[in-house]
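I opened a new page for this chain. My plan is to go from the whole to single residues.

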Amino acid sequence: MPEMLKGAILDMRSFDRGDIDLRTLYRLPVKWSEYPSTTAGAVARRIQGAHIVITNKVVLDRAGIESARNLALVLIAATGTDNVDLDACRDRNVTVCNVRGYSAPAVVQHTVGLMLNLLTQQYRYIRDVRKGAWSKTDVFCLLDHRIVEAKGKVLGIIGYGTLGKQVASVARALGMEIIIAGRKGMVPAHERVGFEEFLKQSDVISIHCPLMPDTHHLIGSHEL
């Protein structure tokens, strides 16, 4: 009888709060070891005998990957792959899978929520209410922090994939103008704006591109 496959879930608490139905996963012929979180020092020990590893944000570096002699599959419970040494996996013929296009509505809601929170200075007004400033004012309402309306402002989007397009759709409903950034240091493609000009025109910038060598340190002191 063949040996049962072993799997390790390294940071369960980062994506499951008891509200995810994992029965399909557990029906697989795999003996799972679950960990709420995993420190860097515990990675090698916890994946040592595993054939399959599921990680969200726990880093799998070359040392850890090479120490896991049975490792054949790494499943990243996220879109980004920068926490896994892909070259080390390639050298070991370990397959790596990520999740593309998941939770788009939630990410779009979060993005627009952050933008509106800043434009309306809501976080500052909430702080003032908690301090009692609203009840103490001698005018109808507080106007201590400048509120900016989204309508008519320019939203610049870097990375016009699934998320970027859905954020643009919501922003247009708010009356915002949308511009899309061209690749930094390159002549912009059709309907894109050169990167330097993009920075000058944008009132708000939202970044939805993957972390790659050409996007690393994309926004720094010069760009700001």
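**Entry 1: the ground rules.** I take helices (H or I, at least four residues) and strands (E, at least two) as DSSP runs, numbered from the N terminus. I counted nine helices and eight strands in the chain. This is a predicted model, where local features need pLDDT of at least 70, side-chain atom pairs count only at pLDDT 80 or more, and totals for chains, interfaces and linings use all residues. Residues are numbered from 1 along each chain as its sequence is written, and side-chain values use heavy atoms, with hydrogens and water left out.

**Entry 2: overall size.** I looked up the radius of gyration, which is taken over C-alpha atoms. The chain has 23 Å, whereas a compact globule of 224 residues would have a value near 17 Å. That globule rule is 2.2 Å times the number of residues to the power 0.38. I also looked up the box that the C-alpha atoms fill, and along the principal axes it is roughly 80 × 50 × 30 Å.

Entry 3: Next came burial: buried means under 20% relative accessible area, exposed over 50%, and partly exposed in between (1.4 Å probe, protein chains only). Of the 224 residues, 35% count as buried.

**Entry 4: charges.** I counted Lys and Arg as positive and Asp and Glu as negative, leaving out His and the chain ends. Each charge is placed at NZ of Lys, CZ of Arg, CG of Asp or CD of Glu. The chain has 28 positive and 23 negative charges, and their mean positions are 4 Å apart.

**Entry 5: contacts and cores.** Contact means heavy atoms within 4.5 Å. Among contacts between residues at least 6 apart in sequence, 48% join residues at least 24 apart. Then I looked for nonpolar cores, which are sets of buried Ala, Val, Leu, Ile, Met, Phe, Trp, Tyr and Cys residues joined through side-chain atoms within 4.5 Å. Which residues of the largest core touch the most other members? They are Leu10, Ile47, Val53, Leu60, Leu71 and Val74, in a core of 19 residues. Helix 2 (43-47), strand 4 (73-76) and helix 4 (86-91) each supply at least two residues of this core. A second, separate core has 15 residues, including Val112, Ile157, Val167 and Met176. Back to Ile47: beyond four places in sequence, Ile47 touches Leu10, Val53, Leu60, Gly64 and Ala68.

**Entry 6: two buried loop residues.** Met12 is in the loop between strand 1 (5-9) and helix 1 (23-26). Is Met12 buried or exposed? Met12 counts as buried because its relative accessibility is 9%. Leaving aside neighbours within four places in sequence, Met12 is in contact with Leu22, Tyr26, Glu34, Tyr35 and Pro36. Met12 and Thr55 are 43 residues apart in sequence, and their C-alpha atoms are 8.1 Å apart.

Asn56 is in the loop between strand 3 (52-55) and helix 3 (62-67). Asn56 has 8% relative accessibility, so Asn56 counts as buried. Not counting residues up to four places away, Asn56 touches Asp11, Ser14, Phe15, Ile76, Ala77, Ala78 and Asn83.

**Entry 7: two positive phi values.** Most residues other than glycine have a negative phi. Glu191 is not a glycine, yet has a positive phi of about 65°. I found Glu191 in the loop between strand 7 (177-180) and helix 9 (195-201). Glu191 is exposed, because its relative accessible area is 65%. His217 also has a positive phi, near 60°. His217 is in the segment after strand 8 (204-207). At 64% relative accessibility, His217 counts as exposed.

**Entry 8: two distances.** Glu149 is in the loop between helix 7 (133-136) and strand 6 (154-158). Glu149 is exposed at 59%. Asp91 is in helix 4 and is exposed at 54%. How far apart are the C-alpha atoms of Asp91 and Ile126? I found 52 Å, for residues 35 apart along the chain.
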